[in-house]
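Take a look at the structure below. Keep the sequence at hand as you read.

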Amino acid sequence: MSGASRLRTLHWSRSPQCMHLVKSMNKRKTDYKFLLPAVFVVAIMTQVPFLLTIIFSTLRWNLSRPDLARQFNGLQNYLYFLKIEDWRHLPEFYGILWQTVFITGSTLLLCSALGFALALLLDNDVIGINIARTLMLGPFFVMSTASGVIWKTTIFNTTFGWYGVLSKLFGFQPVDLVSYHPLGVIIVLFVWQWMPFFILVLLAGLQGIPQDLIDSMQIDGVNWIQGVVRIKLPLIMNHMRIAIMLGLVFLIKEFGLILVTTAGGPGTRSYTLPYAVYMQVFSANNVGRAGALAVITVALTLLLVNLLYRSIVKRSEMYS
Amino acid sequence: MENRTIEQVVRRARIRHFTKKLLLSLLIYGIAIFYFFPILYMFLSGFKTEQQAVLPKIFFTPTLETFKKVLSDPTMYQYLRNSLFQVIIGTTVSLVLGVPASFVLVFGTLKKPESNNKYFLWFITTILLPPVAVLIPLFTWYQKFNLINTPYGLLMAYVGFHTPIVVWMVHSFFSDLPAEIFDAAEIDGCTRLQQLTRIALPIVRTGIISAALLVAVFIWNEFFLGFNLTGNPTATLPVYMSRFREQQGMFVAQLSASSTIAVLPAIVLGWMTQKALVKGLTLGAVKG
């Protein structure tokens, strides 16, 4: 095709008549053969099992009691966890729910606050800043079971770990943090692993602030704190919300780190909902109750994500 | 004041600026090294003997003994092989399923114009689904069909969970392309498949590579499904790492060497994706 005719074709291809033609052509030919294999596999491996879980959650089904027939028992499994008989002694479930929300909430809060501070610091242009940024990103890619055992043996251990040795050096008596402050240990490790992601997203936001805005800020004599709190923070608020939402999705399902550090203990003090589901299946062998807990976990995730998503959409509408 | 020349003033200001920068850099390096320290110390301890590793020390004479010992252990090889199998096959299959689907969701025609968006949202909701929600039925199926002792059971679960992530990340890269080039290609008689392989893929190559690397890191690090849906012959590296949880403070060198092998590939791959990570993970809502 010559250059001129190609140009004509390109020109014609954008004309309304052509668009109409393309659309009517497309009406006959759809592209489902590209889409359906993925939809099929994902549905079989995620949606179908989830629907089955919902069905299981309404059954009385205990793997260690094969003599009892599987039978429908309505919402009994849910009531087992949710029913409050005495308001002074809440059932164990509420403790687990609170721990899940507490661990996730504190981690996200610390990640946003410290992540913002560190992103401001890493936004400076010094020699070798990329090396520093790369080092800070490292922990995000460490598998949670490895980071759990590494921290537990080389840092938190009261005799051999850095914590134990350093506190003896300064004359403190080291305590077994993993047993005494299980939630604190889990939160510290989660923050260590997830803050790099927050820094990365917030740094992208800070670097997206136009330079002339920063210049005019300096000319107007805005001091550092005002500049950060009143101008930079509002400008990257959407980055913050997106980081929080993604962090929430991944943190709420975390399981490996809890298993290797505290194993849910002492007692059920550091159980989270996914860990409780695991224990119901493999320790109590109660498929029905585990199903009910799994459904509650999904409901909680969807509820929290939905709340956050709505606030993001509302804010974006406000700005645009 | 009067006997100060302009040069002196300028020099002073320069020195002040320089010291400020220097202090700032030292603070940044200090924090970065402190933050990275647990990983760094793990790398170092892998080169110690068990006796050297008992007490925390940074300076020592390095040895390859421990690495040799860990790598000569046949079970370690088995875990490594299983992990590599899951990562390579799992990532490839997820890409083969996810990339065309994502392309069609951006540029393709479905029954109704709004269907594209609906399918895309459906993929996103499956990302929100925590793996505990599917554990029980998968576990009972796998027991029944003896999939626990073959790697294919876990592989199917990984493909199911990571295809939506591919769709999600690649979607934002495809969305940057102008629709006109595909309209033009269609008029020139290019089929949908050719549009994808000849036009779209070469342009978004880097985006797809980083999505692939990130999915590889996710599969390499995945623990929950790997732990519950495998037996001894099929378990992956994260499961192997979790077995160290009961050995309180014992075998620090061995633990460090094994975790270095488990952690290093993911960190290196992750660092390679750095640039595209922000954009891919935030749905293109945030430019990297």
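What follows visits a pocket and then a pair of domains.

A word on the source: this is a predicted model.

Start with the largest pocket. It holds about 870 Å³ of space. Its lining counts 23 residues. Which of them lie nearest the centre of the pocket? They are Asp123(A), Asn124(A), Gln218(A), Trp224(A) and Lys232(A).

Now find the elements around the pocket. Some give two or more residues to the lining. Chain A supplies helix 5 (92-122), helix 10 (182-207), helix 11 (211-219) and helix 12 (224-235). Chain B joins in with helix 1 (6-45). The lining has 11 nonpolar residues, 7 polar ones and 5 charged ones.

Move on to chain B and its domains. The domain assignment gives domain 1 as residues 6-65 and domain 2 as residues 73-281. How far apart do the C-alpha centres of these two domains of chain B lie? The distance is 35 Å. The two domains are in contact, with 10 residues from domain 1 of chain B and 12 residues from domain 2 of chain B taking part.

Look at what this contact covers. Domain 1 and domain 2 of chain B bury about 790 Å² between them. Carbon and sulfur atoms carry 73% of that area. On the domain 1 side, Met42(B), Phe43(B) and Glu50(B) lose the most area to domain 2 of chain B. Together these three make up 57% of what that side buries. How many salt bridges are there between domain 1 and domain 2 of chain B? The count is 0.

Definitions and conventions. Residues numbered from 1 in each chain as written. Chains lettered and ligands numbered in written order. Predicted model: local features only at pLDDT ≥ 70, side-chain atom pairs only at ≥ 80, totals over all residues. Heavy atoms only, no water. 1 Å grid on protein atoms, 1.4 Å probe; cavity = no way out; pocket = protein on both sides within 12 Å on 5 of 7 lines; lining within 4 Å. Points joined across faces, edges and corners; volume = space filled by probe spheres on them. Helix = DSSP H or I, 4+ residues; strand = E, 2+ residues; numbered from the N terminus. Nonpolar A, V, L, I, M, F, W, Y, C, P; charged D, E, K, R; others polar. Domains from an automatic or database assignment. Contact = heavy atoms within 4.5 Å. Buried area = accessible area lost by both parts, 1.4 Å probe. Salt bridge = Lys/Arg side-chain N within 4 Å of Asp/Glu carboxyl O.
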